[in-house]
Amino acid sequence: MRAADGSAGARRRPLLEVDARGALGLVGTLVKYLALAPLFPAVLAVAYSESPWPFLGTTAIVGAAGLALERLGGETRTSVGSREGYLVVALTWLLAGVVGGLPYLLAGQQHLDRPVDALFEGMSGFTTTGATLLVDIDTLGNAMAMWRQFTQWLGGLGIIVLALAVLPRLRVGGRQILESEMPGPEVDQLGERIRQTVQRIWLLYVGLTVAEALVLALLGWTGVDDAMTPFKAVAHALTTIPTGGFSTESRSLEAFAASTQWVVVVFMVLAGLNFALLWRAAVGRRLRVLARDEEIRLYVILLVAASAVLAVELVGKTVSGSDAPIRHGVFQAVSLMTGTGYASTDFAGWTTLALMLLVLLMFLGGSAGSTTGSVKVLRHLLLGKVLRRELRQTLHPELVIPIRLNSTPIDERTLRAVTSFVLLYIGLFALGASVIAVDSAIQGPEMTPLDVISAAAATLGNVGPATGPIGPMLSYEPFSDVSTVVMTLLMWLGRIEMIPVIVLLTRRYWRV
Amino acid sequence: MKVFVVGAGQVGSTIVEALHGDHEMVVVDQEAARLTAIAYRYDVATFEGNGASRKTLTEAGISGSDLVIACTSRDEVNLVAGAFARIEAPGATTVIRTSNTEYVELWREGRLDLDFVVCSELETANAIARVIGVSAAVQTDVFADGQVQIVEFDVEPGGGQGIVDSPLREARIPHDSKVASIIRGESMTLPGGDDVIHTGDRIVVIGSPEAARHWGEILAPWETEVTDVVVFGGGRVGMAIARALVEQRIAVRLIEPNRERARDVAEALPDVRVYNATGFDPEFLERERIGRTQAAIFAMRDDAKNHFAAALARVHGVEFTIAIVHEPIAQKVYEASHVDVTVNPRQVTAEEIVRFARDPRTHQLAMIEGDRFEVLDLTCRPDSEYVGQVFREMPIRGALIGAVVRNGKAIFPHGDDVLLAGDRVIVFTEAANVPTVERAL
């Protein structure tokens, strides 16, 4: 922003106090690199003799747009500070959704050939939600199916985090951007520098993905699971570790053998753990680090309890097979709590109690610092402690009780942030659910209250499948454009934990 | 001996008072008024200047000192003075006073090149914890980092089940403890197996802290063990007291009026319930049932506030009150208002330093019953005639080995145990026998 000339006496205030140009420039750089992503499916397309043009077209368009934005930003990028960070994060993720959807649009994919729908699917990909508008996934070509999986993998740990880890010259200012993108209230530092932390977390992420792909491929190769091809093994590894939930199969994980489902359960549980702790446990070979962590304990307790309730509820009801009630109970509990969104069976037909529990699980999420969405266990834990303190202080108003996590006192500001996050989350959820309810009453589809609730919870929490007409084997296709846009927004808000978007809506963000 | 003292405050003047008779002393302080007060009363040299300045120290004549004591109220000055003393008077023993337990820990780890570090807060806290820890104790003292405790009890009617009126050999004496002395009127004995404790005797017991507590329970079963204490004031002293009490598994509540300080204390001491309140609010005292507590300790910075709060606590029903003394006169004031125990941190610190100054080679001396008995803490020489001997066979020469500290751990020896070279031995002895014992070991 150029200052007004001094001769005018009083200096004119700049229109904006935020360096929007610098922020746009940085977004441009990030988007420019994101344009490289579709080259992976393009190569696959050539290999499978499918058309690579939707991908190459995306690369061209996104690359050009990125360069243009970068040029607009000019040399002012050094001024991108914590205030601009919110804008960068919000815009980058919005554009990521566009990048994700562009190939569907260019290919004229059935059900995804309108911008609104393509954006929904793209956003569902990068935000690792896993909600889909596709009715029949088999109509996708191999390359397009892999692109869908790949967007989730890219979005799992965060785009900016990825850029920070891979691009040495990217000058993004420190922790603040990282914290607004990484899931969870705090980022556990693993190295002296942010870049080192990020690189280690990414290494772990890649390692887990490769491990899962190998195990799944092995199951297919040894004949344990005939349905599992190497292509599908990679495709599912790419969406398990980011707790995404897209599948190459219309029937999700039901298409695979029980052993495959158990393997996927293990990796979903791992993906829901705090990656920084997981790194320490893996490198230091000390599993005790994990066992001693209060959040991880609660995470495991919740998983076990939910699985047990579901298994008991399922016994002798809708499923057959000896281990089926336990397997389906555990699988669905893990899948929905971590926000993955795979299904080992069509749970839409389960009892009300089971469905209620599944919807409740959508509000939990995994550990902070994992790839999961939703509120996250850490926030529930801290909120529980805050409530317990409030109760004690009603009786003893003068009592000073610092809240501790793993015996370290937690700052009161962090606690306030946690409380307001949860309130904001509930508020947004209620708002989203209301809009969906009104829209479905006017334009269809017909939904029960639980279905509406689950639709809002599954999109805001980046879970994916919901109940009723949008159950795990069905699609979000019946919704009108209004609901589709609302749910796209919910996914976007949920992934970047709302605050970066919501502060943009305040006047004080833009002015002094 | 030439003693060099940095700091002429309460601690410094108490030290001067205790040592000026036998030693040649120099006192350094920045405030002329304090020095004048000391110079008028005692025959010591004084020097006005900054104790943290090497120039001051050399000009005041630190070189050639045998003992350097840095006891100003500022840790940094004391540390620097201690460091300069090492340079200017390499042969001198150095003692510093600190209010930070961190320095004490560093010194214990051997990271500070000083001969002795005394922490007022820690000494005060330990003194209070000892009083609270053993019911019915007349006087008590600890050795070997708190692993060995010596307690004096009065044997009152109704107490002492299983011990009183039977020969010691048959008495049910708590494990890890010994009766060191029986005092009956003017006569005092180092008892053997045939001696008998009678009601009305005063006895001295040496043993582990648990055993000491057990003795208290046996001798005064009507006095319930203190399990609930309220500390007023969360300053450094209050915090140290709270920490020491929590270590004895006593439930501690602490009242601190300053909001941030209260938070700091609560963060540092998870097991202490901290209230952000003043101790003068009757409504608060009533709501939290402060009056029901077994003991209240007043550790605020201001004697007058402690005094008022103690009186108010009494009004609310607290029966046992302990107050910290800042100005020496406050002690008399507290006593006049029936505060049960008073502790002066500066006094305690000075005493600790004086103890050390009297004889740095024997670790520590305690005087029981005036000066008729002494407790020695000696390290056993390799050429001592007792090395390798079984305790049962050691001739008694008016002394009793109460405990042995081997590799930092206290052992309470039985008849079959053997004394080794390098053992630290806690000996209870008649004052007249001290030189004999020192020679023998």
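In this predicted model, α8(B) contributes the most to the lining of the second largest pocket, giving 3 residues. That pocket has a volume of about 1100 Å³, and of the 46 residues that line it, B:Ser73, B:Arg97, B:Arg236, B:Arg301 and B:Arg346 are the closest to its centre. A pocket here is an open set of points on a 1 Å grid over the protein atoms alone, with protein on both sides within 12 Å along at least five of seven lines, while a cavity is a set where a 1.4 Å probe fits but cannot get out, and lining residues have an atom within 4 Å of a point.

**The second largest pocket**
- At least two lining residues come from each of α1 (10–19), β2 (24–29), β5 (93–98), α6 (120–133), α8 (236–247) and α13 (345–358) of chain B, where helices (H or I, at least four residues) and strands (E, at least two) are DSSP runs numbered from the N terminus.
- The lining divides into 12 nonpolar, 20 polar and 14 charged residues, with Ala, Val, Leu, Ile, Met, Phe, Trp, Tyr, Cys and Pro counted as nonpolar, Asp, Glu, Lys and Arg as charged, and the others, Gly among them, as polar.

**Cavities**
- The whole structure holds 4 cavities of 30 Å³ or more, a volume being the space filled by probe spheres set on grid points that are joined across faces, edges and corners.
- The largest cavity, of about 210 Å³, is lined by 22 residues, with A:Gly130, A:Thr132, A:Ile137, A:Pro472 and A:Leu474 nearest its centre, and its lining comprises 11 nonpolar, 9 polar and 2 charged residues.
- The second largest cavity, of about 60 Å³, has 12 lining residues, including A:Thr371 and A:Arg495, and by class these are 1 nonpolar, 8 polar and 3 charged.

**Nonpolar cores**
- The largest nonpolar core has 138 residues, and A:Trp147, A:Trp202 and A:Ile436 are among those that touch the most other members; such a core is a set of buried Ala, Val, Leu, Ile, Met, Phe, Trp, Tyr and Cys residues joined through side-chain atoms within 4.5 Å.

**An exposed loop residue**
- B:Asp383 lies in the loop between β19 (373–379) and β20 (399–406) of chain B, and it counts as exposed because its relative accessibility is 59% (buried is under 20% relative accessible area, exposed over 50%, partly exposed in between, with a 1.4 Å probe and protein chains only).

**Conventions**
- Residues are numbered from 1 along each chain as its sequence is written, and chains are lettered from A and ligands numbered from 1 in the order in which they are written.
- Local features need pLDDT of at least 70 and side-chain atom pairs count only at pLDDT 80 or more, while totals for chains, interfaces and linings use all residues, and side-chain values use heavy atoms, with hydrogens and water left out.
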